[in-house]
Number of protein chains: 2
Amino acid sequence: MEKVDVAIIGCGPAGLSAAVNVKARNRSVLLVGPKLCSSALHKAHRVNNYLGMPGLSGDELRKSFIRHVREMGVDITQVSVSGIFPMGDSFQLQVQDEFWEARTVILTTGVFAAKSLPGENTYVGKGISYCGTCDAMFYRDKTIAVLADDVEHEDEVRFLAEVAKKVYFLPKYEKTGELLPNVEVLRDKVKEFQGGERMETLLLAEGGELNVDGAFLLKEQMPMAQLVNGLELVEKHIKVDTNMATNIPGVFAAGDVAGKPYQVAKAVGQGQLAALSAVAYVDSKKGAPV
Amino acid sequence: MEKVDVAIIGCGPAGLSAAVNVKARNRSVLLVGPKLCSSALHKAHRVNNYLGMPGLSGDELRKSFIRHVREMGVDITQVSVSGIFPMGDSFQLQVQDEFWEARTVILTTGVFAAKSLPGENTYVGKGISYCGTCDAMFYRDKTIAVLADDVEHEDEVRFLAEVAKKVYFLPKYEKTGELLPNVEVLRDKVKEFQGGERMETLLLAEGGELNVDGAFLLKEQMPMAQLVNGLELVEKHIKVDTNMATNIPGVFAAGDVAGKPYQVAKAVGQGQLAALSAVAYVDSKKGAPV
Ligand SMILES: Cc1cc2nc3c(=O)[nH]c(=O)nc-3n(C[C@H](O)[C@H](O)[C@H](O)COP(=O)(O)OP(=O)(O)OC[C@H]3O[C@@H](n4cnc5c(N)ncnc54)[C@H](O)[C@@H]3O)c2cc1C
Ligand SMILES: Cc1cc2nc3c(=O)[nH]c(=O)nc-3n(C[C@H](O)[C@H](O)[C@H](O)COP(=O)(O)OP(=O)(O)OC[C@H]3O[C@@H](n4cnc5c(N)ncnc54)[C@H](O)[C@@H]3O)c2cc1C
């Protein structure tokens, strides 16, 4: 494999936007990721807040993003990178037992969610949602359950309670904050999600059942931030400046892995910034005396 | 006018994206700007680097952005805001001789270019371009003129000279740097652009004429950053943190006015971030004791 100008790790919205912008500046690019490119987007049943493309399912959006990259002549290499090692003026990427070489690296590896519950995958987008602010409006005046991993999700719980008629709230933590009167806190756990076409019932660990119109699963998502040694993090996300540079010269990051909010437009914008910064970095090195 | 949660000043890509995202969070929004919303986008003859929507003219992109906002039920109020004044927990916006009120403000006012020359507007996208790196490829092995306001544009001049056969270079400043041999520096000024369907001729102040295939006008663009007193700037742009907050609590900024690069995807991503930050700010104030 010849040395590329920019290697992009992950082909979700951030990585695809980075690839389009590196290519628009006429630099060579290696773009790697799994077949689906973004399982997050694949799962989103409707994305209404990416400017210019309302009313599409996440999967339709995902497909048109990939089409754009293909039209620009960029291939997506279906591999997983297991480590990245700085070597003088460039980087070695470990792919299985090979090493590939790049002048700069953009990390767009996203976040991954904790393990799912029985029935959960069946009903994503059919009664199960991961994002209160995205999907609340589908449950106006309805009865919902909300499962939350951490107290930091309570803003979302409050927002859902403003919209829904009744909220069964199952926090995984002890002390809850102030909640609206239509929120009933249950100290129980969900064992399984059941239903027909749509999810209808939560089976609880202590034997009870809840009949609901929908359930929101507000769970922690872990950033995939561990590929490069010595990368500085802020909590669990990669620390970036306003140009998407990390603490390691030549390494940039964008999208969910670089921090919240976890959103498509933000990922696309940051992908562009990271690309332009990486191109400027490559140019500065090419210009510099060796 | 009743007090809105979020006032957005300017309806280019950054302002429109902010509006979509405030609305998705179910907060009230005032969106103001001129009829075209973004004259920058209106002028761009082809935008290929906004993920998911390749191959469109800037104007087609502009129209689908506006359509999205309309579909979300947001109106665009065709006024210009002449000043913004913090008043306790909210902001007064001056519109002609009225004052409108908002809990938070997002500045998405873009940049504006210096005054245009006779014939310039007629031939934008038909022989006149403002962006070397965007449009150089259309002039491979052709003869072009390049007008530059400032020495900082010389990187772009060098890039154009690599691609074009011959470059007539008309800098507005004294001392030029090292240039390729196919660049001829002319100490003259352009009086007018002339042509048929496309621009063909530059009439010069000292009476001469240049016949060219195209002209690049590399001019300074001034950020519209002067609406709020006491706003901190970095050079001429509004200073923002990674959440698009300015130094004034409750005032956010996004897009070109918040710094380079001047690009659509970056503006859209920052508009989303500013919207989510503004909504969080409104919520924190509503929750707080008065
Ligand atoms: C159910 C759901 C609904 C959503 N709804 C919305 C919505 O309405 N609006 C909105 O704006 N956002 C929404 N989102 C969020 C949105 O999908 C994410 O913000 C977006 O996909 C982030 O893009 P990304 O490129 O940063 O990461 P991702 O899309 O997660 O892509 C990262 C990719 O990198 C790959 N990768 C990781 N490590 C490696 C490695 N070592 N080698 C190779 N590849 C690797 C991953 O496998 C993954 O494919 C939703 C998400 C979910 C799950
Ligand atoms: C010829 C050309 C080609 C381009 N090509 C590309 C390209 O290929 N790819 C790319 O990504 N980008 C391109 N761009 C850049 C892109 O158009 C800008 O980055 C983008 O429009 C910035 O969006 P914005 O919302 O920040 O500002 P703008 O789009 O400039 O919108 C700001 C709006 O705010 C309004 N406003 C200002 N002050 C006030 C006030 N006081 N009250 C009310 N309204 C106000 C302005 O009138 C304007 O309508 C190009 C630009 C030009 C000029």
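Start by selecting the boundary between the two chains: 35 residues of chain B are in contact with 36 residues of chain A, where contact means heavy atoms within 4.5 Å. Before you click further, note that this is a predicted model, in which local features need pLDDT of at least 70, side-chain atom pairs count only at pLDDT 80 or more, and totals for chains, interfaces and linings use all residues. Residues are numbered from 1 along each chain as its sequence is written, chains are lettered from A and ligands numbered from 1 in the order in which they are written, and side-chain values use heavy atoms, with hydrogens and water left out.

**Stop 1: the interface**

Keep that boundary on screen. The area buried between chain B and chain A comes to about 2,900 Å², with carbon and sulfur atoms giving 62% of it. Buried area here is the accessible area (1.4 Å probe) that two parts lose on being put together, summed over both. Now pick B:Arg25, B:Leu51 and B:His68: in chain B these lose the most area to chain A, together 23% of what that side buries. Of the interface residues of chain B, 94% are also interface residues in chain A, so the copies meet through the same surface.

**Stop 2: the axis**

**Stop 3: a helix pair in chain A**

Select residues 13–24 (helix H1) and 58–71 (helix H3) of chain A, which pack at an angle of about 25° with their axes 9 Å apart. Helices (H or I, at least four residues) and strands (E, at least two) are DSSP runs, numbered from the N terminus. The axes are lines fitted to C-alpha atoms, for helices over the stretch in contact, and angles run from 0 to 180 degrees between N-to-C directions. H1(A) and H3(A) are therefore roughly parallel to each other, a label for angles under 35 degrees.

Show side chains next. A:Pro13, A:Leu16 and A:Val20 from H1(A) meet A:Phe65, A:Ile66, A:His68 and A:Val69 from H3(A).

**Stop 4: the pair in chain B**

Hop over to H1 (residues 13–24) and H3 (residues 58–71) of chain B: the angle is about 25° and the axes lie 9 Å apart. Here the contact is made by B:Pro13, B:Leu16 and B:Val20 of H1(B) with B:Phe65, B:Ile66, B:His68 and B:Val69 of H3(B).

**Stop 5**

Most residues other than glycine have a negative phi, and most peptide bonds are trans. Against that background, zoom in on A:Lys260 and A:Pro261, joined by a cis peptide bond with omega near -5°. A:Pro261 sits in the loop between strand E19 (251–253) and helix H7 (264–287) of chain A. In chain B, a cis bond joins B:Lys260 and B:Pro261, with omega about -5°.

Look for A:Met244 in the loop between strand E18 (237–238) and E19 of chain A.

Definitions and conventions: Parallel < 35°, antiparallel > 145°, perpendicular 65-115°, else oblique.
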